[in-house]
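Subject: Structure handover

Hello,

Here is the structure I said I would pass on. Please look it over before reading the notes that follow.

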Amino acid sequence: MPMRNTAASLSRDPSCASSPSSWATISDEVIRLSDRMYFAMLDESELGLHEFTKDLDALVINVSAETYGLPLMPNNLGHINEFCTLLKEAERSMPEQSIILCAHGSIDSISTCVFLVGAYFVLCKNTLASDLVDMFSSVSQYACDYKDGKETFSIPDCWDALAIARSYGWLDLVSDAPDYDQCIDLDEYAHYDSAANGRLHVVIPSELIVFPCPQDLPLDASTGDMPPWHDVDGARTFSALYYADVLCDYHVQLVVQCDEGVHYEDSPFSQRGMSTEHLVADWSAQPLAMLRAVDRFLTLARLAPGMLALHGAGGGAGLGEGASLLATSLLVNRHRLTARAALAWLR
């Protein structure tokens, strides 16, 4: 559970990445991604009409936006891990067969498939994002960008973010036994990604974890204490008590509360040895206050003796604009991500 930061010792030299030498555009609908793998903007029933499938012993995998997430937001790490595991297992168990990835022709599915296939090549084949842009150039007009409020970022921005995460050791989808002191435990990620378990996310191993704003909940009638969570109409909300217990497992030392006008009982944090700091500003109307908050957050991140936790305002799953800006500033300032790649990684 506790993670040591080894990012500084990991190479980000682009020369360490591999370049796919065997890719080729076969037609307007088909790209050969490697010696064994093909991308097709076709329904499975249409494959037999194309010359490239003649005498081809192939496993066909249908990639749908419904299965792996819509392109309104980037696919989460759980979807990426599931897809990469599927392809790794297919390549391992069927070494003589080709693999055809069908995207069914819809914009949503094409975007989803392009992103996921690129993610697989970045994380499992060490491929450069720039090479993937060339590889998918013939279908780029069919793939849409991601939108997040006022911000728009592209599929290559997401590939860049994954490539940097891989180079720093934040993600390891290749090792048979990943060192979870250094990288994100994806089983643990899936557990806490659930709305039933608090939607906590490690953004930077050993450095930053983010979570929704805790809520003050109705007191337990029998004990008079605030419960860790409360279920109403199928929705679960969490008090600081729940998050404090989880953050204690991560050895968090400081909780930063970026919450304009939101107040809750935060004593569970201090009772477990965690300091708290409020960074409150009117993000849209006071740019100087915003810059002061960013500067203060970066200072806290530099001086904090252990992992830092951050939440925004409100009870939703998102961080909100203020907390998102703080987290993005840390990714850009300390880890050299571009602003767009930082936003893509955060989302």
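This is a predicted model: local features need pLDDT of at least 70, side-chain atom pairs count only at pLDDT 80 or more; totals for chains, interfaces and linings use all residues.

Salt bridges

The count of salt bridges comes to seven. Three of them are described here.

Arginine 272 forms a salt bridge with aspartate 245, and the closest N and O atoms are 2.7 Å apart. This pair links distant parts of the chain, 27 residues apart. Arginine 272 is in the loop between α8 (267–271) and β13 (275–278), while aspartate 245 is in helix α7 (residues 240–249). Aspartate 245 counts as partly exposed, at 38% relative accessibility.

Arginine 296 forms a salt bridge with glutamate 277, with 2.7 Å between the closest N and O atoms. Because arginine 296 lies in helix α9 (residues 287–303) and glutamate 277 in strand β13, the pair ties together parts that are 19 residues apart in sequence. The two ends fall into separate classes of accessibility: arginine 296 counts as partly exposed at 36%, whereas glutamate 277, at 19%, counts as buried. The cut-off for buried is under 20% relative accessible area, so glutamate 277 with its 19% falls within it.

Arginine 236 forms a salt bridge with aspartate 231, where the closest N and O atoms are 2.7 Å apart. Arginine 236 is partly exposed, with 30% relative accessibility, and aspartate 231 is partly exposed as well, with a relative accessible area of 43%.

Nonpolar cores

In soluble globular proteins, nonpolar side chains tend to be buried together. The largest nonpolar core in this model has 100 residues. Which of its residues touch the most other members? They are Phe39, Leu101, Phe136, Leu310 and Trp345. Helix α3 (residues 107–125) supplies the largest share of this core, with twelve residues.

Leaving aside neighbours within four places in sequence, tryptophan 345 is in contact with Leu77, Ala161, Leu162, Ala165, Trp170, Leu171, Ile184, Val203, Leu331 and Leu337.

Another core, of eight residues, lies apart from the largest one. Tyr38, Ala40, Ile100 and Cys102 are among its residues.

Regards

Methods
Residues are numbered from 1 along each chain as its sequence is written. Side-chain values use heavy atoms; hydrogens and water are left out. A salt bridge is a side-chain nitrogen of Lys or Arg within 4 Å of a carboxyl oxygen of Asp or Glu. Buried means under 20% relative accessible area, exposed over 50%, partly exposed in between (1.4 Å probe, protein chains only). Helices (H or I, at least four residues) and strands (E, at least two) are DSSP runs, numbered from the N terminus. A nonpolar core is a set of buried Ala, Val, Leu, Ile, Met, Phe, Trp, Tyr and Cys residues joined through side-chain atoms within 4.5 Å. Contact means heavy atoms within 4.5 Å.
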